[in-house]
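I am opening a notebook page for this model. The entries below record what I looked up, in the order I took it.

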Amino acid sequence: MAISLQKGGNISLTKTDPNLQKVLLGLGWDPRATDGAEFDLDASVFLLTEAGKVRSEKDFIFYNQKKSSDGSVEHAGDNRSGAGEGDDETVKVNLPGVPADVAKIVITVTIHEAAARKQSFGQVGGAFIRLVNQDTNAEVVRYDLSEDYSTETAMVFGELYRNGAEWKFRAVGQGYAGGLAAMCQQFGVAAG
Amino acid sequence: MPILQKGANAPLATQTPVVRIQIGRGAIIGDIDVSAYVLGENGKVSGDPDMVFYGQRQSGDGSVLLDSASDTETVFALNLAATPARVQRIAFAATVPGAGADRPTFAKAASVALRIDGADPIVFPVPIEGAIETSMILGEIYRRAGAWKIRAVGQGFAGGLKPLAESFGIVIADDPAPPPAAPAPTSAPAPAPAVSLSKITLSKAQPKIDLTKKDGAFGEIKINLNWSAAPVKRGFFGGSRSIDLDLGCLYELRDGTKSGVQALGDMLGSFGSAPYIELSGDDRSGAVTEGEWLRVNGARWNDIKRLLLFAFIYEGAPNWAATDARITLHAPKSPPVEIRLEEGDSRKNMCAVALIENIGGEMRVSREVRYFSGHAEMDSAFNWGLRWVAGSKD
């Protein structure tokens with residue numbers, strides 16, 4: 001039985017599932033089903049140092065750079081519509097392979113061309129992030145983003161972070177304006 | 001004054017908000033329909049009474065009232081304290097008229113806004129530039145952590161009211177078959193509400209409509225008078241017929257001929273020859289549930305100058321309020337036009353319901369719903385110029 005977290009909650013992955021090594025992060029959402037501009041939500045991952053910044057652009061894993069240089073983090077690809085049940089996008093993380101100077105792995109979802117399409121997380125429901133042990137296929141932890149979102153166009157769903165020797169997961173659910181560009185700026189990625 | 005962007009939300013300060021849908025029609029011709037939907041947690045209506053629109057001005061739970069509608073503004077008065085616990089959302093939507101490729105989208109409107117009155121009014125100027133939608137959810141009021149909030153939505157459908165209503169779990173009949181056969185009453189609750197939406201109701205706020213020819217002529221125009229003496233039951237026409245209503249019309253032809261078509265005096269008219277108007281029989285038996293029909297030969301529309309449709313209570317007290325009477329005009333390929341006989345004057349036995357005029361070959365239907373003490377008084381009010389003597393149907 002997976003643990004369900006509330007916004008801001010965290011668990012120790014090492015204690016919850018001591019055998020956990022290969023992690024599958026499943027992300028999902030349901031944009032309002034109407035005509036007009038389609039919703040294209042994109043999951044992105046930032047590998048951050050203690051300072052909260054990327055070491056280089058290589059630590060920004062997204063639809064145009066699907067794998068970290070060391071291979072420990074891999075984006076499974078873009079789902080353009082968010083249609084269907086279950087995970088809309090997935091990210092694989094091999095925890096033992098994550099370089100020692102990466103202290104935190106932030107998982108974000110942003111709305112593609114949100115400003116031009118006048119779209120925001122106020123129009124998206126059913127967002128979640130879940131963490132699955134790839135070896136056992138068991139869901140370890142899940143966080144449903146049930147917050148009443150508004151005009152946010154970028155959202156930190158959750159983060160994996162080191163606490164001494166163990167890995168922890170935090171349910172974040174914090175939204176921002178400015179889409180993916182704002183996320184990149186915050187985490188020190190020069191994107192253009 | 002909070003101005004909401006699409007997707008944004010704001011708390012409501014009151015349990016009795018007044019929601020105004022304000023539309024500057026711009027290049028959109030015809031009626032823009034505004035409707036509200038009372039929705040459960042699944043985002044669907046629980047039945048027909050959860051829909052508030054021109055044909056049903058209050059929701060079944062009493063929480064949503066379509067208070068007034070004008071050309072530019074529709075006002076809903078809400079009583080959120082009246083909503084049952086299952087109600088999670090109330091959505092407000094608008095639909096532009098028309099069909100097919102020529103149908104305008106909201107991009108053709110001058111402006112669309114949702115406004116909530118109050119000391120600190122909330123306004124959502126709906127972005128419509130480049131909109132492909134012909135029906136749009138403008139905003140929704142929803143429960144959140146025990147309180148009510150408003151969300152600016154501004155999203156909809158290119159295909160009009162049908163997909164919009166279906167998204168709320170309402171089943172729409174594709175083509176309302178004219179004339180409407182009275183569906184058989186059923187005791188079991190319908191699994192899903194079926195609402196004919198492509199109907200035009202003439203009201204005080206929308207008293208006129210111009211019908212245009214399809215394929216160069218009007219074809220056969222059928223006009224129905226129906227009523228019920230029993231309490232109104234939605235979805236079918238029921239009840240005993242203790243009150244007998246007659247349908248008739250005064251007409252004036254192009255050549256100056258003036259007269260009437262009615263059961264009284266056996267003035268049944270003729271479809272194939274002048275006056276090209278025929279009463280298809282009076283039903284005083286109560287066996288036919290379709291009421292009375294008047295047929296107008298649209299192929300000869302150019303021979304007709306004007307018609308005044310009237311309803312007449314021949315026997316029984318003129319208790320109009322108890323009859324729930326309505327006249328429906330069915331022209332081929334046009335949505336049915338309905339006029340309800342409201343605000344009946346129980347001292348007067350005659351109601352001039354609608355004036356149908358030939359305006360440059362087109363057909364203008366104007367709601368009148370004015371009550372008179374008899375033919376002569378009505379005739380005089382409309383300057384028809386006929387002489388009237390008392391008669392009997394026997």
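What percentage of the 394 residues of chain B count as buried? I looked this up before anything else, bearing in mind that the model is predicted. In chain B, 41% of the 394 residues count as buried.

Entry: chain B overall. I listed the secondary structure of chain B and found three helices and 26 strands. I then took the contacts in chain B with a separation of 6 or more, and 64% of them are accounted for by residues 24 or more positions apart.

Entry: strand β3 of chain B. I went through residues 33-39, and seven of the seven are buried, so β3(B) is largely enclosed by the rest of the structure. I noted which way the residues point. B:Val34, B:Ala36 and B:Val38 point one way, B:Asp33, B:Ser35, B:Tyr37 and B:Leu39 point the other way, and all are buried.

Next I looked for the pairing of this strand. With β7(B), residues 89-95, β3(B) pairs in the antiparallel sense over seven bridges. I also found β4(B), residues 51-52, which runs antiparallel to β3(B) and is joined to it by two bridges. I followed B:Tyr37 into both strands. In β7(B), B:Tyr37 stands opposite B:Ala91, and in β4(B) its bridge partner is B:Met51.

Entry: a sheet in chain A. Which order do the six strands of the open sheet take? I read it as β1-β10-β9-β3-β7-β6 in chain A, with mixed pairing. At the edges I found β1 (3-5) and β6 (73-75) of chain A, each of which has a single partner strand, so one side of each is left without a neighbour in the sheet.

I checked the pairing of the edge strand β1(A). β1(A) pairs with β10(A), residues 138-144, in the parallel sense over three bridges. Within β10(A), A:Tyr143 is the residue opposite A:Leu5.

Entry: the contact of the two chains. How many residues does each chain bring to the contact? I counted 13 residues from chain A and 15 residues from chain B. On the side of chain B that touches chain A, strand β11(B), residues 147-157, gives the most, with four residues. I sorted the residues of that side of chain B by type and got five nonpolar, six polar and four charged.

How values were computed
Residues numbered from 1 in each chain as written. Chains lettered and ligands numbered in written order. Predicted model: local features only at pLDDT ≥ 70, side-chain atom pairs only at ≥ 80, totals over all residues. Buried ≥ 20, exposed ≤ 12 C-beta atoms within 10 Å, placed from the backbone. Contact = placed C-beta atoms within 7 Å. Nonpolar A, V, L, I, M, F, W, Y, C, P; charged D, E, K, R; others polar. Pairing = 2+ DSSP bridges.
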